[in-house]
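Look at the model first, then read on.

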Amino acid sequence: MAEPQNNSTALMVKNLSVFFGKNQAVKNVSLDIAARAVTAIIGPSGCGKSTFLRAINRMHELNPEARMEGEIKLFGDDIYSRNVEPVVVRRRVGMVFQKSNPFPTMSIFENVTVGLRLNGIRNRKLLAEHTEQSLRMAALWDEVKDRLHAPAISLSGGQQQRLCIARALAVEPEVLLMDEPASALDPLATSKIEDLIVQLKKDYTIVIVTHNMQQAARASDFTAFFYLGELVEFGPTTKIFTSPSQKRTEDYVTGRFG
Amino acid sequence: MENYFEAGLDELRQKLLTMASHAETAVNQALQALLQRDYDLALRVKENDRILDQFEVEIDEMVIQLLTKAPLATNLRLVTVAMKISQNLERIGDEATKIAKRARDLSQEPPVKITLDLPRLARMALDMLKAALDAFVNHDSAAARALVPRDKEVDALNKEIHQTLAQHMVENPDTIGRCLHLMVVSKSLERIADHAKNMAEDVVYLYEAQDIRHTGKNQAAPAAPAAGA
C-alpha cells in the first residue's frame with residue numbers, strides 16, 4: 001500500500017476496530033491521513049466507511065452499543081485519551097452529513113454562529129466577521145449576504161449543504177469530515193461542492209466518504225478502498241483509479257461488484 | 001471559483017503547444033541542416049528527439065489522470081484529441097530525425113547535380129504543420145477543414161520527386177546512394193504532411209464533434225460548431 005506523499009500527517013489511525021454489539025464494522029484498520037489534502041473513502045454499502053469516518057470525531061459514541069479498539073491521533077494528540085472530552089474532539093474535527101441539516105428554526109446567520117455562541121462568543125462584530133468569513137469560505141456569501149436573517153430552510157438543497165459547511169468551518173476546525181456530502185444534490189450543486197472541497201484543502205484536512213468514484217477522482221488526492229470492514233488498498237487517487245494493486249479494488253472500480 | 005477541470009485542461013493545452021513548438025523547430029532545423037549541409041545541426045536534431053518522446057509520455061499520463069475525472073462534451077473531446085495530437089507530433093519528430101540522419105550522410109559526400117522540388121515540398125509540409133497548429137490554437141475548424149485536401153498536392157509532388165530521382169539513378173548509377181537518401185527525405189516530408197492532416201481532422205472533431213476522417217468528402221460545408229467549442 002502506498003504511503004501518503006505529503007509532508008505531514010493530520011490523522012494517524014492505528015489498528016482501529018469498531019464494534020456495534022457483536023458486529024465488527026471496522027476491522028483493524030491502520031491509515032495515515034495527510035494534512036491539507038483530500039482523502040476519499042470508497043467502497044460498497046456496508047463496508048464500514050461511514051463508521052470509520054465517525055470514529056475520527058467520536059460520533060459513533062452516540063450509539064450506546066458502540067465500542068472501539070485501537071488508536072487515533074490528531075496532529076499527535078490521542079483523541080481517545082481518558083482526559084479528552086468528545087466535544088473537544090468534535091470542535092477540532094468538524095462534520096458535514098449526507099442530508100444537510102441546518103437548524104430549521106434558525107436564520108442563516110444564527111446557523112453559522114451557533115458553534116461560536118455556544119462557546120461563549122457574544123461580540124456582535126466578531127460574530128459578523130466570522131459569519132462573513134465562513135460563508136465566503138463555503139462559497140455562499142454572495143448568494144446570502146443580503147438576507148442573513150432569512151430562515152436557513154429558505155435556501156435550496158445545495159445552498160443548505162454549503163451553509164452546513166460554513167457552520168462547520170466557523171469554529172475553525174483542523175479537519176473536516178464529509179459523509180457523502182453531495183449525494184442528495186443535483187449535478188450543478190454537486191459540482192459546486194466538489195470545487196469547494198478542492199479550494200478548502202489549502203487550509204483544511206478533508207476526509208470524504210463517497211460512493212461516486214468519479215467524484216473521488218475529481219476531488220481527492222488520496223483514496224482508501226474499504227470492503228467488509230477492512231482497508232483493502234490506500235494510495236494516491238490516480239493510482240487507485242488507473243492501476244490499483246489489489247484485485248478487489250480493480251473489481252470494485254470497474255463495477256464488477258458493489 | 002475555478003472549476004476543478006480548468007486548471008488541468010489549461011495545463012494540457014500548454015503542454016501540447018510547447019510540444020508543437022519543439023516539433024516545428026525539429027523539422028525546420030532538419031531541413032536547414034539538409035540544405036546547408038550542416039552536420040552538427042543535424043546531430044542536434046537527433047539528440048533533441050528525446051524531448052518530444054518525453055512530452056508524449058507526459059501528455060499521455062496527464063490525459064489518463066484527467067479521464068479518471070470523467071470529463072464530458074468538449075472537455076472529453078479535448079482530452080482524447082490531445083492524446084492523438086501528441087502522438088502525431090512525436091511521429092513528426094521521428095520524421096525530422098530521419099531527415100536529419102540523411103542530412104548527415106549527404107553532408108559527407110559531394111552534392112548530387114539534380115534539380116529537385118524538395119524545397120517546395122518542404123515548404124508545403126511546414127505550412128501544413130503550422131496551419132494545423134494555428135487551427136487548434138485559434139479554435140478554427142474551418143481552417144482545419146481547408147487544410148485537409150492540401151495533402152493530395154503533397155502526395156503528388158512526392159511522387160514526382162521519386163520519379164525524377166528514379167530516372168536519375170538509372171542514368172547515373174554512381175549517385176544511387178545519395179539519391180536514395182533524398183528519396184527518404186521526400187518520403188519523410190510527405191509523412192509530415194500526413195500527420196498535419198491527421199491533426200487537422202482531430203481539430204475538426206474537437207471543435208465540431210464531426211469525424212471527417214476517411215470520408216472523401218473533405219470539402220463538404222462545415223457543420224455548426226459544437227456547443228462549448
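Predicted model: local features only at pLDDT ≥ 70, side-chain atom pairs only at ≥ 80, totals over all residues.

Two strands pair if DSSP finds at least two bridges between them.

| Pair | Residues given | Bridges | Direction |
|---|---|---|---|
| β9(A) and β10(A) | β10: 230-236 | six | antiparallel |
| β1(A) and β2(A) | β1: 9-20 | eight | antiparallel |

Between β9(A) and β10(A) lie two residues, and the two strands form a hairpin. In its turn, Leu228(A) has a positive phi of about 50°.

Is β9(A) mostly covered or mostly open? Strand β9 of chain A, residues 222-227, is mostly covered, with six of its six residues buried. In a regular strand, side chains alternate between the two faces of the sheet. In β9(A), Phe222(A), Ala224(A) and Phe226(A) point one way, while Thr223(A), Phe225(A) and Tyr227(A) point the other way. The residues on both sides are buried.

Chain A also has an open sheet of four strands in the order β2-β1-β4-β5, with antiparallel pairing. Because β2 (23-34) and β5 (77-78) of chain A stand at the edges with a single partner strand each, one side of each has no neighbour in the sheet. Where β1(A) pairs with β2(A), Phe19(A) stands opposite Gln24(A).

Helix α1 of chain A, residues 49-56, lies across β1, β2 and β4 of that chain. The helix runs at about 60° to β2(A).

Note on methods:
Residues numbered from 1 in each chain as written. Chains lettered and ligands numbered in written order. Buried ≥ 20, exposed ≤ 12 C-beta atoms within 10 Å, placed from the backbone. Contact = placed C-beta atoms within 7 Å. Axes fitted to C-alpha atoms, helices over the stretch in contact; angles between N-to-C directions.
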